Amino acid sequence: MRGWFRDQSLSVFFLALCLLTIVGQWLSGVRAYNAEQEAHGEPAISAGRYLYSSDFGGNLMENWESEFLQFSTFILAAVWLVQRGSAESKDPDDAGLMDDAAMKTGRHAPNNAPRWARIRGWRRRVYENSLLIVMTTIFFFTWWVQSLTNWNQFNDDQTQHHETTISWLQYLGNADFWQRTFQNWQSEFLAVGTMAIFTVYLRQRGSPESKAVGDPHDKTGSDV
Amino acid sequence: LLDWWRGNARRMRTMFAVYLVFIFGAIGVYAIVGLEHL
């Protein structure tokens, strides 16, 4: 079990952090929500009910979608775009989809390669893009759910202020939806760009997200 | 079938599945919450 945990410590650690912070978001969220309810003369709701609310779900999905957009765009952009000297980039000469030898596909696949990397046809096409497919799928689903839950929040707000409610399709063109969307996206793109350029000159000893401390600034990619 | 589900990669499959179930489970729950008003 200890060996199992050590082998999975990165994914276990981040899932635990995620769950803990979701609990924090939940407990602080219900207090903030009920304070708002009280200010509008509306009844407070229980913590359990809040967990199953559009307010909580919308805030959760809003942040999730932008994270998965960040990784999706980074995974895709880094195929063709490079940053010379960055730990997060491949060599500028390797820009593009790269050949079978470099990607260890087809007859270049080693014996222990995943089977779908060895065979030809649609299964190889799916497998060689599987990371992007799954990340992008999660992005689009979370963005869709964000639009639904934010729309509910928006209409609740409209009702509380005795204003007219709108349909989901109308909400998709509403400034509230796009303001919430863009405010999440911009921070993700800044974070990725920062990682791309900062890792040229800055280091973290022992981290695979950095080059080796003694690597020259113009060395692209990390071997750590 | 999906050979990464067997062999040497077996050790990692639990966390892979946990993440997928967690993410799509939450998406499913809040899709239902959102769709209730549609």
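Q: Why is A:Gln70 called buried?
A: Its relative accessible area is 10%, and a residue counts as buried under 20%, as exposed over 50% and as partly exposed in between (1.4 Å probe, protein chains only); A:Gln70 therefore falls in the buried class. This is a predicted model, in which local features need pLDDT of at least 70 and side-chain atom pairs count only at pLDDT 80 or more, while totals for chains, interfaces and linings use all residues. Residues are numbered from 1 along each chain as its sequence is written, chains are lettered from A and ligands numbered from 1 in the order in which they are written, and side-chain values use heavy atoms, with hydrogens and water left out.

Q: Where does A:Gln70 lie, and what does A:Gln70 touch?
A: A:Gln70 sits in helix 3 (residues 54-80) of chain A, where helices (H or I, at least four residues) are DSSP runs numbered from the N terminus. Leaving aside residues up to four places away in sequence, A:Gln70 is in contact with A:Glu188, A:Ala191 and A:Val192, contact meaning heavy atoms within 4.5 Å.

Q: What makes A:Glu62 and A:Arg180 a salt bridge?
A: The N to O distance between their side chains is 2.9 Å, whereas the definition asks for a side-chain nitrogen of Lys or Arg within 4 Å of a carboxyl oxygen of Asp or Glu, so the pair qualifies. This pair links distant parts of the chain, from A:Glu62 in helix 3 to A:Arg180 in helix 9 (residues 175-201) of chain A, 118 residues apart.

Q: Why are A:Glu62 and A:Arg180 counted as buried?
A: A:Glu62 has 6% relative accessibility and A:Arg180 has 17%, so each value meets the cut-off for a buried residue.

Q: How do you know that A:Asp176 also pairs with A:Arg180?
A: Their side chains meet at 3.2 Å, N to O, in a salt bridge. Both residues lie in helix 9 of chain A, four residues apart, about one turn of the helix. An α-helix has 3.6 residues a turn, so residues three or four places apart point the same way. At 22% relative accessibility, A:Asp176 counts as partly exposed.

Q: What makes up the contact between chain B and chain A?
A: The contact takes 26 residues from chain B and 37 residues from chain A. About 2500 Å² is buried between them, with carbon and sulfur atoms giving 73%; buried area is the accessible area (1.4 Å probe) that two parts lose on being put together, summed over both.

Q: How many salt bridges join chain B and chain A, and which residues form the pair?
A: The count is one, between A:Asp7 and B:Arg11, whose closest N and O atoms are 2.5 Å apart. Over all chains, the whole structure has eight salt bridges; this pair crosses from helix 1 (residues 2-39) of chain A to the segment before helix 1 (13-35) of chain B.

Q: Why are A:Asp7 and B:Arg11 called partly exposed?
A: A:Asp7 has 35% relative accessibility and B:Arg11 has 40%, so both values fall in the partly exposed class.

Q: How do you know that the span of helix 1 of chain B agrees with its number of residues?
A: The expected span is 1.5 Å times one less than the number of residues, so the 23 residues should span 33 Å, and the end C-alpha atoms are 32 Å apart, which agrees. Among the buried residues of this helix are B:Met15, B:Ile23 and B:Tyr30, and what covers its buried residues includes helix 1, helix 2 (47-51), helix 3 and helix 7 (130-160) of chain A.

Notes: Helix = DSSP H or I, 4+ residues; strand = E, 2+ residues; numbered from the N terminus.
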